[in-house]
Amino acid sequence: MMTKCTRNLRTRQKVILFLSVTMFSIYWLFQRDKGTEGKHVTGEMPNPEIWRSLYPFHGNDDLNGERFSLGQMPTYEQRKEARCGHNWQESYKKLHQDILQARRPQRFIVFTCTEEGYGCGGYGNRLGGITSLLFLSILTQRAFLIEWDHEAPLERYLVPKGVQWNYPMENLEHFDTRIHYIGKKEHFKQIRNDVLKPWKTKLDFQTWIRHTDLSSYFKHPVEKIVGNWNFANALLEKPLLENHLDELRRGTNDSLVGCAFDFLFLKSKELETRLRAARLSLGLTNKVFKVGLHIRMGDVSLQRGSKSNNLNYRAFFHCAQNLRKQKGFQMGIKLFLATDDKEVKQYALKNYASHVVTLDITPHHITSLAGRKRRDSEPVEGIFNVMLDHFLLSECDFLILSRSTFGLTAAELKFHPAQTVTFGNKCEHALH
């Protein structure tokens, strides 16, 4: 028989064990929530059960070599830290401010969409161009600025965050200036002798990038560049850039647009208000699993050209349905549709009415909104709609995309793990 002393000892041991488990649980919960305290997480951090049901799409995601266990989805801040690092931003902020205040030689790279005859392309093209020129500015130690082409200033939609990219262009008028065009040939209407474009293809240009001393080539105080090619990854191969961006992932980094956007921009109050209202009206909360579909039908659908990609858009919806069946979701699911084609919207709302949500807008290509008269509100509303589509797509938990810069940059914007992105024409392969 146990003595009274033995029983008391075992009782004390049980109490100590119970208290230890309780304290550990409290500590774990505190650490889990610490990273998201005070942050707006709508559309960014869904219920963990969602991510368990998505395995193997995200469960073994590898960010800079860090493995994430089944059911654990890193937060936006964790994904950003893993992809972008955090030291180079502060260094470039100081350099940019020193240049604007003339504490360093005043040298600038300007992303411009105001040069007559030369266009910056669509919204995805522009984000790629802005990203590339930001990292080119860091490489060449210049201040990066943005010159928008629409009647409403870019600050109506996006405001400066890391640096003052909206420094007044009037302050550069007395500097020697040179103009370049880095982009697709179909995006310019005339050849101007004062605009440099010695590259016929993007491949030619990327080869040139890899073998050129860019600091020597960009030698004028102001280098204005019309750019719709994304060549940021080619810049990462430059040895000098490693001194400034040693934290960024090497090789092919599919998150550079997200790194640049997070550094440069905050949503304006008006855009944030519109975005919040859109989430609410469409039911895109963090309590449902959101599948984003971007279906790009081509210029024909926008009545701005003859190019059509003959995409089988029905396959995108079949893909989403198969995803749902195979993963056996026990909670709500929403299919958010972003498309440039009215007929696709009508088809989706007719055949998948219980699951599909989409903005009640007339699709526009951003280039078709330039040059309208100031009294016409269509350009302003059109750009808001383009950005709402893009942000809502980026906030989805899983993406089924067309091969378009609009969808690809949406995936980069929120640092989507590769396992949460597929393409409509490869969907069946991705689901097996």
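Biologist: How many cavities of 30 Å³ or more does the structure hold, and what makes a space a cavity?

Modeller: The structure holds two cavities of 30 Å³ or more. A cavity is a set of points, on a 1 Å grid over the protein atoms alone, where a 1.4 Å probe fits but cannot get out. This is a predicted model, in which local features need pLDDT of at least 70, side-chain atom pairs count only at pLDDT 80 or more, and totals for chains, interfaces and linings use all residues. Residues are numbered from 1 along each chain as its sequence is written, and side-chain values use heavy atoms, with hydrogens and water left out.

Biologist: How much space lies in the second largest cavity, and which residues line that cavity?

Modeller: The second largest cavity holds about 40 Å³, where a volume is the space filled by probe spheres set on the grid points, joined across faces, edges and corners. Its lining consists of Y123, R126, L127, I130, W148, L154, L158, F265 and M387; a lining residue has an atom within 4 Å of a point. Helix α5 (residues 123-140) gives the largest share, four residues.

Biologist: Why is I146 called buried?

Modeller: I146 has a relative accessible area of 6%. Buried means under 20% relative accessible area, exposed over 50%, and partly exposed in between, with a 1.4 Å probe and protein chains only. The value lies under the cut-off, so I146 is buried. Across the chain, 51% of the 432 residues count as buried.

Biologist: Which residues is I146 in contact with, leaving aside its neighbours within four places in sequence?

Modeller: I146 touches F111, I130, L154, W165, M169 and F265, contact meaning heavy atoms within 4.5 Å. I146 also has its C-alpha atom 6.1 Å from that of T112, although the two are 34 residues apart along the chain. I146 belongs to strand β4 (residues 143-147).

Biologist: What makes a run of residues a strand or a helix?

Modeller: Both are DSSP runs numbered from the N terminus: helices are H or I with at least four residues, and strands are E with at least two. The chain has 16 helices and 14 strands.

Biologist: Which strands form the open sheet that contains β4, and what makes two strands a pair?

Modeller: The order is β4-β3-β8-β6-β7, with parallel pairing. The edge strands are β4 and β7 (195-196), each pairing on one side only. Two strands pair if DSSP finds at least two bridges between them. Strands β6 (residues 177-182) and β8 (residues 222-227) have six bridges, so they meet the requirement. The bridge partner of Y181 in β8 is V226. β3 and β8 pair over four bridges, and the partner of V110 in β8 is K224.

Biologist: Why is β8 said to be largely enclosed by the rest of the structure?

Modeller: Six of the six residues of β8 are buried, so the strand is largely enclosed. V222, K224 and V226 point one way and E223, I225 and G227 the other way. In a regular strand the side chains alternate between the two faces of the sheet.

Biologist: In what order do strands form the other open sheet of five, and which helices lie on that sheet?

Modeller: The order is β12-β11-β10-β13-β14, again with parallel pairing. Its edge strands are β12 (356-357) and β14 (421-423). Helix α14 (residues 378-394) lies across β10, β11 and β13 (398-401), at about 145° to β11. Helix α15 (residues 405-413) touches β10, β13 and β14, making about 165° with β13. Such angles run from 0 to 180 degrees between N-to-C directions, the axes being lines fitted to C-alpha atoms, for helices over the stretch in contact.

Biologist: What makes α15 mostly covered?

Modeller: Seven of the nine residues of α15 are buried, including F406, G407 and L413.

Conventions:
On a 1 Å grid over the protein atoms alone, a cavity is a set of points where a 1.4 Å probe fits but cannot get out, and a pocket is an open set with protein on both sides within 12 Å along at least five of seven lines; lining residues have an atom within 4 Å of a point.
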